[in-house]
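This report describes the packing, the sheet pairing and the aromatic contacts of the model shown below. Please keep the structure in view while reading.

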Amino acid sequence: LAKKNKVSIATGSEISNTFLQVGRELVENFYMCFNCMGNVVYKEGELIKQNFWIPEKRLFVFLIDFISSSKFSFRTAKHLELRTGSMNVSVVGRNATPEQREKYMEYDSREHERLRLAELLTTEFKDIEISIGGNVSIDICPKGKNKSQILEYVNEERIVYFGDGCGRWGNDQPVFDIIRKMDHAVGHEIEQWNETMDILLSNYKNNL
């Protein structure tokens, strides 16, 4: 697909994580790579943009208090991860093993802790945006510095976007909100990777 089309990827994590999750060879064949929700931009392998952000002290204090007061049974480490232009927050910690992540996922599905944190942050801080992605964390970025900023760099005659972060707290939702108003763009909301493959094979076979 990337040999015949301008294929790009947009993710919430740093590029080092993208290499681990997708593979360096594939990433290096993408036309553009948008990391940290578009706050870091690579074009044909060259870094062309970085938005730096240092959250206010009050936000750090608020998050540390929330993590400390959580009734979840244990913590690991790396609860607050500062990324370029954004921050990732996890009660259990990003150093959790797969088994520990599974336990937190079970806890969060019962207690809706991440949703509660997102709602509290939205009420308390008016200059940030929150998205609930992955299984054990939330992402925070400055107002307007969400994934929709990637559209500043995508000017093709036809845009096809795939995203699984849908709904109020999804990090792909700001992109869907914009492209649905564009005549030359279409958005596909998916839940599993194989749905992307199925849609490509059924709707865009001529592009492969």
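## Basis and helix 7

A residue is called buried under 20% relative accessible area, exposed over 50% and partly exposed in between, with a 1.4 Å probe and protein chains only. Helices (H or I, at least four residues) and strands (E, at least two) are DSSP runs, numbered from the N terminus. This is a predicted model, in which local features need pLDDT of at least 70 and side-chain atom pairs count only at pLDDT 80 or more, while totals for chains, interfaces and linings use all residues. Residues are numbered from 1 along each chain as its sequence is written, and side-chain values use heavy atoms, with hydrogens and water left out.

In helix 7 (residues 193–203), the buried residues are Thr196, Ile199 and Leu200. They lie on the same side of helix 7, because they cover an arc of only 100° around the axis, the arc being that of the directions from the helix axis to the C-beta atoms. These buried residues pack against strand 9 (159–163) and strand 10 (185–189), where contact means heavy atoms within 4.5 Å.

## Nonpolar cores

A nonpolar core is a set of buried Ala, Val, Leu, Ile, Met, Phe, Trp, Tyr and Cys residues joined through side-chain atoms within 4.5 Å. The largest one has 23 residues, of which Leu59, Leu63, Val89, Leu121, Ile128, Ile130 and Ile140 touch the most other members. Two or more residues each come from helix 3 (57–69), strand 6 (86–89), helix 4 (98–111), helix 5 (113–124), strand 7 (128–131) and strand 8 (138–142), and helix 3 gives the largest share, four residues.

Not counting residues up to four places away in sequence, leucine 59 touches Trp53, Met87, Leu121, Phe125, Ile128 and Ile140. Apart from this core lies another, of 13 residues, with Leu151, Val175, Phe176 and Ala185 among them.

## The four-stranded sheet

Two strands pair if DSSP finds at least two bridges between them. Four strands form an open sheet in the order 5-6-8-7, with antiparallel pairing. Strand 5 (80–83) and strand 7 stand at the edges with a single partner strand each, so one side of each is left without a neighbour in the sheet.

Strand 7 and strand 8 run antiparallel and are joined by four bridges, and isoleucine 130 has isoleucine 140 of strand 8 as its bridge partner. Four bridges likewise join strand 5 to the antiparallel strand 6, with leucine 80 standing opposite valine 89 in strand 6. On strand 5, Glu81 and Arg83 make up the covered face, whereas Leu80 and Leu82 make up the uncovered one.

## Aromatic pairs

Rings of Phe, Tyr and Trp (its six-membered ring) pair if their centres lie within 6.5 Å; planes under 30 degrees apart count as stacked, over 60 as edge-to-face and the rest as tilted. By this rule there are seven aromatic pairs. The rings of tyrosine 104 and tyrosine 107 have centres 5.9 Å apart and planes at 40°, so the pair is tilted. Both residues lie in helix 4, three residues apart, about one turn of the helix, and tyrosine 104 and tyrosine 107 are both buried.

Tyrosine 161 and phenylalanine 176 have ring centres 5.5 Å apart and planes at 85°, so this pair is edge-to-face. The pair links distant parts of the chain, with tyrosine 161 in strand 9 and phenylalanine 176 in helix 6 (residues 173–179), 15 residues apart. Tyrosine 161 is buried, with a relative accessible area of 10%, and phenylalanine 176 is buried with a value of 0%.
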